[in-house]
Structure formats: structure tokens, C-alpha cells
Amino acid sequence: MPAKRLVVELLNASGEPVPSVTVKVTGCGELQTAPNGRTLFLVEDENVTVWVNGQEAHKGTLAALPAQLTFKLNGGGWTA
């Protein structure tokens with residue numbers, strides 16, 4: 001399967017973008033969210049895990065991966 005583009009968006013409880021948060025995706029390096037709360041990855045690994053600030057936020061397959069994952073800050077963690 002060819003690589004898939006994945007946008008990870010992080011929002012606070014009010015729905016506003018959260019910049020400068022570390023995001024990592026399986027097979028990709030760590031990136032910081034931009035001022036708009038987003039990062040962009042090209043994902044090739046069949047089994048995909050997304051970590052936000054070191055916490056697992058999503059796990060699935062490349063085939064089922066949407067073009068964008070949006071996570072909202074919920075207490076101490078991130079939820080889809």
C-alpha cells in the first residue's frame with residue numbers, strides 16, 4: 001500500500017488550536033503542532049499508532065486511517 005497523508009489536529013476544550021505539542025506517528029519522526037494546532041505526516045507502516053505528548057491517542061491500520069485525526073484536550077489526556 002502506498003504512503004498515506006495524515007493530518008493530526010489538536011484542540012483545547014474550547015475547540016481552539018493547541019500549538020507546540022509533540023506528536024509522533026509510527027515510522028515517522030516527532031513533530032510539534034503548528035500555530036493552527038496541526039501536524040502533517042506521510043505514513044507507510046501498516047500498523048499505525050499516534051502518540052500525543054508521549055500518550056497513545058490512536059491505534060489502527062493504514063487501510064483504515066482517515067486523512068485527518070482530531071483530538072480534543074480532555075482533562076489530562078487527548079480524546080478523538
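In what order do the 4 strands of the open sheet run? The order is β3-β2-β5-β6, with antiparallel pairing.

This is a predicted model: local features need pLDDT of at least 70, side-chain atom pairs count only at pLDDT 80 or more, and totals for chains, interfaces and linings use all residues. Residues are numbered from 1 along each chain as its sequence is written, and side-chain values use heavy atoms, with hydrogens and water left out.

View 1. The edge strands are β3 (31-32) and β6 (55-61). Each pairs on one side only. Two strands pair if DSSP finds at least two bridges between them.

**View 2. The β2 and β3 pair.** Strand β2 covers residues 22-25. It pairs with β3 in the antiparallel sense over 2 bridges. Val 23 has Leu 31 of β3 as its bridge partner.

**View 3. The protein chain and its strands.** The chain has 8 strands and 0 helices. Strands are DSSP runs (E, at least two residues), and helices are H or I runs of at least four; both are numbered from the N terminus. The C-alpha trace spans about 35 × 20 × 20 Å along its principal axes.

View 4. Of the 80 residues, 34% count as buried (under 20% relative accessible area, 1.4 Å probe, protein chains only). Among contacts (heavy atoms within 4.5 Å) between residues at least 6 apart in sequence, 45% join residues at least 24 apart.

Terms used. Buried < 20%, exposed > 50% of the residue type's maximum accessible area, 1.4 Å probe, protein only.
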